[in-house]
Amino acid sequence: GNLTNMKATERAMPMIEKALEIDKSWGGGWDWVWIYAHAGGAYHETGQHSKENDTYELGLNILPDNPEIIAQQAICAFSLGDTVEGSNYIAKYRSTSESEGLEDYWINFYTGLLYVGANKFEKAIDYYQDLIAHETQNNQDPWCEWQLAYLLIDNEIDVKEGLRLIDESFKKNSGYAYLLANLHHAKGWGLYKLGEDTLALEHLLKGWELRPYFDYDHFLQIKEV
């Protein structure tokens with residue numbers, strides 16, 4: 001899966017770089033954060049970390065203290081083994097997110113995702129387990145359970161525990177299609193890991209029907225099953 005994603009990223013790089021080149025030719029200043037986050041992420045996936053960090057700095061010159069870009073900087077630092085710099089970026093991500101009014105729950109949720117992106121799975125698991133243990137707003141509980149479950153399943157850390165969490169999250173979901181899509185996706189992927197191909201495909205396809213936008217990993221997993 002990672003090799004396939006790497007090849008897809010490599011194919012996308014010329015188009016990403018062309019977009020940045022066009023912006024520069026028009027005088028620069030494109031204030032759409034995702035061009036910098038996605039371009040930097042693509043450089044990261046292809047091991048071009050100098051270009052990655054240059055892209056983040058370019059974005060921060062236009063969008064100072066943007067938490068999405070700072071989050072990407074944290075992932076890069078942790079991935080390269082610089083835990084001190086990574087922790088500093090995490091602290092900055094938290095403060096900038098707070099200043100933008102993001103709830104503490106979601107700051108912690110996305111911080112967990114940063115650790116996932118940097119392959120710091122133990123830290124991510126700690127974040128999600130803590131959120132599940134302390135969260136009192138039931139409408140948010142399923143998101144953490146889904147994210148933790150997918151982490152456990154996709155990385156084959158504890159597939160059965162991941163499926164148990166998915167079933168718990170199904171019980172709490174109020175019918176939000178995007179969450180249901182992710183739950184079916186995770187359950188299907190977990191069942192496939194346990195060798196239950198037929199039932200796995202049913203859940204993967206159900207999740208695909210509910211998904212509001214294209215998801216490349218989900219697409220590849222359906223093809224594999």
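Reply: Contact here means heavy atoms within 4.5 Å. The model is a predicted one.

Me: With that meaning of contact, which residues does lysine 92 touch, leaving aside its neighbours within four places in sequence?
Reply: Lysine 92 sits in helix H5, which covers residues 83–99. Neighbours within four places in sequence are left aside. The contacts of lysine 92 are then Asp65 and Ile70.

Me: Is lysine 92 buried, partly exposed or exposed?
Reply: Buried means under 20% relative accessible area and exposed means over 50%, with partly exposed in between. Lysine 92 has a relative accessible area of 36%, so the term for lysine 92 is partly exposed.

Me: What distance separates the C-alpha atoms of lysine 92 and isoleucine 222?
Reply: Along the chain, lysine 92 and isoleucine 222 are 130 residues apart.

Me: What span should helix H6 have, and what is the distance between its end C-alpha atoms?
Reply: Helix H6 runs over residues 104–117, which is 14 residues. The expected span is 1.5 Å times one less than the number of residues. For H6 this gives 20 Å, and the distance between the end C-alpha atoms agrees, because it is also 20 Å.

Me: How many residues of H6 are buried?
Reply: Among the buried residues of H6 are Tyr105, Trp106, Phe109 and Leu114. The helix is mostly covered, and the count of buried residues, out of 14, is 10.

Me: Which residues have the most contacts inside the largest nonpolar core?
Reply: This core has 53 residues. Its largest share, nine residues, comes from helix H8, residues 141–154. The residues with the most contacts inside the core are Phe109, Leu114, Tyr128, Trp143, Trp146 and Leu148.

Me: Phenylalanine 109 is in that list. Which residues is phenylalanine 109 in contact with, leaving aside its neighbours within four places in sequence?
Reply: Phe109 is one of the buried residues of H6. With its neighbours within four places left aside, phenylalanine 109 is in contact with Tyr128, Leu131, Trp143, Cys144, Trp146 and Gln147.

Me: Is asparagine 182 buried or exposed, and which residues does asparagine 182 touch?
Reply: Asparagine 182 lies in helix H10, residues 177–193. Its relative accessibility is 4%, and buried means under 20%, so asparagine 182 counts as buried. Not counting residues up to four places away in sequence, asparagine 182 touches Trp143, Trp146 and Arg211.

Me: Why is H2 described as largely enclosed by the rest of the structure?
Reply: Val33, Ile35 and Tyr36 are among the residues of H2 that are buried. H2 is called largely enclosed because the buried residues number, out of 13, 10.

Me: Which tryptophans form the nonpolar patch on the surface?
Reply: Tryptophan 30 is in the loop between helix H1 (2–25) and helix H2 (33–45). Its relative accessible area is 32%, so tryptophan 30 is partly exposed. Together the patch has about 310 Å² of accessible area, and its members are Trp30, Trp32 and Trp34.

Me: Where do lysine 18 and glutamate 21 lie, and what is the N to O distance in their salt bridge?
Reply: Both lysine 18 and glutamate 21 lie in helix H1, three residues apart, which is about one turn of the helix. An α-helix has 3.6 residues a turn, so residues three or four places apart point the same way. The side chains of lysine 18 and glutamate 21 meet in a salt bridge with an N to O distance of 3.7 Å.

Me: Which helices are linked by the salt bridge of lysine 172 and glutamate 145?
Reply: The closest N and O atoms of lysine 172 and glutamate 145 are 2.9 Å apart. The two residues are 27 residues apart and link distant parts of the chain, lysine 172 being in helix H9 and glutamate 145 in helix H8.

Me: Which residue of that pair is buried?
Reply: Lysine 172 has 32% relative accessibility, so lysine 172 counts as partly exposed. A relative accessible area of 4% belongs to the buried residue, glutamate 145.

Definitions and conventions: Residues are numbered from 1 along each chain as its sequence is written. This is a predicted model: local features need pLDDT of at least 70, side-chain atom pairs count only at pLDDT 80 or more; totals for chains, interfaces and linings use all residues. Side-chain values use heavy atoms; hydrogens and water are left out. Helices (H or I, at least four residues) and strands (E, at least two) are DSSP runs, numbered from the N terminus. Buried means under 20% relative accessible area, exposed over 50%, partly exposed in between (1.4 Å probe, protein chains only). A nonpolar core is a set of buried Ala, Val, Leu, Ile, Met, Phe, Trp, Tyr and Cys residues joined through side-chain atoms within 4.5 Å. Patches are made of residues with over 30% relative accessible area and no salt bridge: like charges are joined within 9 Å, nonpolar side chains (Val, Leu, Ile, Met, Phe, Trp, Tyr) within 5 Å. Accessible areas come from the Shrake-Rupley method with a 1.4 Å probe; for residues, only the protein chains shown count as cover. A salt bridge is a side-chain nitrogen of Lys or Arg within 4 Å of a carboxyl oxygen of Asp or Glu.
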